[in-house]
Amino acid sequence: KTESIQALRKAVEELPPLYRQILLLRDWEQMSYQDIAAVLQIPIGTVRSRLHNATVLLTRSLNSPHANGARL
């Protein structure tokens, strides 16, 4: 479990800042799409697309052979 947590943290840190910010606001701060849109001054559709892209990149990173075998 510790390896999985470390792999997740590393994968999140390696995300481009634009995607990392959206992911952290949504998943760790539990903010709504509307609140994120207001804070970042972007449309809700942009919040959704960036969150989707962040999730795709994160999943790819965690499932890559370079993730030290730690998968969630």
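A search of the whole structure finds one salt bridge, a term that stands for a side-chain nitrogen of Lys or Arg within 4 Å of a carboxyl oxygen of Asp or Glu. Its partners are the side chains of lysine 10 and glutamate 14, with 3.2 Å from N to O. The structure is a predicted model, in which local features need pLDDT of at least 70 and side-chain atom pairs count only at pLDDT 80 or more, while totals for chains, interfaces and linings use all residues. Residues are numbered from 1 along each chain as its sequence is written, and side-chain values use heavy atoms, with hydrogens and water left out.

Both lysine 10 and glutamate 14 belong to helix α1, four residues apart, or about one turn of the helix. Helices here are DSSP runs of H or I with at least four residues, strands are runs of E with at least two, and both are numbered from the N terminus. Lysine 10 is partly exposed, because its relative accessible area is 45%; buried means under 20%, exposed over 50%, and partly exposed in between, with a 1.4 Å probe and protein chains only.

The buried residues of α1 are Ser4, Ala7, Ala11 and Val12. Seen down the helix axis, these buried residues fall within an arc of 130°, so they line one face of α1; the arc is taken from the directions that run from the helix axis to the C-beta atoms. The face turned away from the buried side carries the exposed residues Thr2, Arg9 and Glu13. The cover over the buried residues of α1 includes α2 and α4.

Stepping back, the protein chain has four helices and zero strands. Its C-alpha atoms fill a box of roughly 40 × 20 × 15 Å along the principal axes. Of its 72 residues, 28% count as buried.

What lies in the interior? In soluble globular proteins, nonpolar side chains tend to be buried together. The largest nonpolar core here has 17 residues, and those with the most contacts inside it are Ile22, Leu23, Ile36, Val47, Leu58 and Leu62. Such a core is a set of buried Ala, Val, Leu, Ile, Met, Phe, Trp, Tyr and Cys residues joined through side-chain atoms within 4.5 Å. Helices α1 (2–14), α2 (17–28), α3 (33–40) and α4 (44–63) each supply at least two residues of this core, and the largest share, five residues, comes from α4. Leucine 62 sits in helix α4 and is buried, with a relative accessible area of 8%. Isoleucine 36, leaving aside neighbours within four places in sequence, is in contact (heavy atoms within 4.5 Å) with Ile22, Leu25, Arg26, Met31, Gln41 and Val47.

Most residues other than glycine have a negative phi. Glutamine 30, in the loop between α2 and α3, has a positive phi near 60°, and counts as exposed at 61% relative accessibility. Glutamine 41, in the loop between α3 and α4, has a positive phi near 55° and is exposed, with a relative accessible area of 73%.
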